[in-house]
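Please keep the sequence and the coordinates at hand while reading.

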Amino acid sequence: MSKNQLTSERHYDIHVFCCINERESGHPRGSCSARGAGELQAYMKVRGKVLKLGKRVRINKSGCLDRCELGPVMVIYPEGIWYHYQSREDIDEILEHHVIGGETVQRLMLQPGQSVLTPAEPPRIELQVKKIKESPNDVSRYELVSSDGQDLPSFVPGAHIDLFTGPGLRRSYSLAGDPAVRNRYVLGIRREKPSRGGSEWLLDHLAVGDHVSASLPANNFSLDRQATHHTLIAGGIGITPMMAMGHLLMREGASCHLHFCAPNERSAPFLDEIREIFDDKLTLHFDGGDSTQGIDLPSVLKDPSPKEHVYVCGPPGLVASVRAQASHWPPGSVHWEQFSASPVSKAKSNEAFTVLLSRQQVRLEVPPDQSILDVVRSAGIEVESSCEDGLCGCCRTRLLGGVPEHRDVVLTDSEKAIGDEMMICISRGKAGETLVLDL
Ligand code: FES
Ligand code: FES
């Protein structure tokens, strides 16, 4: 074999270097592998074989490519094009468009000198108000359909959507309709006292025929499909996610029972619909405004049957009582969602601490009278939020270092113990702590 032949066999037309560098946890510049680079690169190699990229394309693991804040990153030679990628879809697009098709993928490209990711616009859908039914109990029933008449994105029981009610304003609402009905979303919207503007705006400005933008359905409150019995406990407007759960469980003939708590029949939203959905799997608890006369939680939650799960949604007092009374239930069998902040998390005293925004390379002081979200926004960095009370999960942020004081009700106890995410609208650090955020 001649020297020339050897040289030509070692030549690649396209060379892809992917950073899978591991920095220690909490490194202020971040780490490509901590952001999933290893798994993504393994997928890329598998896809490379399927797509028969051949011997002239070489996909290599590389050490730190020195754009850690933007990771995972890759560079493709001979053009020297840099990409940031986060998902299998990104990989597919890079392989099919750039490596095979020779066209760059603009949306994933990094510019020379770029040190901050361009924020991705979360997908939105356009909805139209089809029906509004007002009721004397401050909760109105809204039916929304897609603006173009198509089926809506599917959802699972317990899911919510956010309605965008103005610049920077969004509110989360549980989907109360039957998940099998694809052409409408049903929401319960309650007039809040006091209102922070979101619900009030909807109730006062959204009429039948009007259009509104919404997020795709997301879920922080899922049914456990392994459970052999589902005990549902709802208070007031907390009934909405339970309605979607009821549609599915009753259709499947699953073992379930709903306990619905309200001061009296008149103030119980959606009562006729709930009776229809749950039939004889329903117990109503009307306490006349005196919680000591309400549901007997010690007896309802006394002895869980094997693989029984309990779900609670409603005011903070009810959620806290259920969690306390079910504290002897097996880990993971108690699920909750709360619609207003608990007085305890709001009453906690605040201390000053520091946040380090790893992608921005910015250090900010958080004073006692401001949240991390306030401080980050004041620094000109856009972060999505909704409830700003630690209830909805919208501001969930990856934590790369430091010990947070979790005050939200979104993360489970085990997620809080792992400590790699936090709700920056409400959770904080102790005095002198430095929290390193993936922002
Ligand atoms: S860790 Fe990937 S570029 Fe540095
Ligand atoms: S904005 Fe809802 S949890 Fe932070």
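The domain bounds used here come from an automatic or database domain assignment. On that basis the chain is divided into domain 1 (3–108), domain 2 (124–219), domain 3 (229–340) and domain 4 (345–437). The model is a predicted one, in which local features need pLDDT of at least 70 and side-chain atom pairs count only at pLDDT 80 or more, while totals for chains, interfaces and linings use all residues. Residues are numbered from 1 along each chain as its sequence is written, and chains are lettered from A and ligands numbered from 1 in the order in which they are written.

Taken along the principal axes, the box filled by the C-alpha atoms of the chain is roughly 95 × 50 × 50 Å. The chain holds 11 helices and 23 strands; these are DSSP runs numbered from the N terminus, helices being H or I of at least four residues and strands E of at least two. Of its 439 residues, 37% count as buried. A residue is buried if 20 or more other C-beta atoms, placed from the backbone, lie within 10 Å of its own, exposed if 12 or fewer do, and partly exposed in between. Two residues are in contact if their C-beta atoms, placed from the backbone, lie within 7 Å. Among contacts between residues at least 6 apart in sequence, 65% join residues at least 24 apart.

The buried residues of α3 are Ile 91, Ile 94, Leu 95 and His 98. An α-helix has 3.6 residues a turn, so residues three or four places apart point the same way. The cover over the buried residues of α3 includes α2, β3 (73–77) and β4 (81–84). Just after α3, Gly 102 has a positive phi of about 75°.

Between domain 2 and domain 3, the C-alpha centres lie 23 Å apart. Here 15 residues of domain 2 are in contact with 13 residues of domain 3. On the side of domain 2 that touches domain 3, β6 (139–146) and β9 (185–190) each supply at least two residues.

Ile 239, Met 243, Gly 246, His 247 and Met 250 of α5 make the contact with Glu 273, Ile 274, Ile 277 and Phe 278 of α6.

Towards the end of the chain, helix α11 (residues 413–418) includes Ser 414. Ser 414 counts as exposed because it has 9 C-beta neighbours inside 10 Å. From C-alpha to C-alpha, Ser 414 and Pro 331 are 9.3 Å apart in space, and in sequence they are 83 residues apart.
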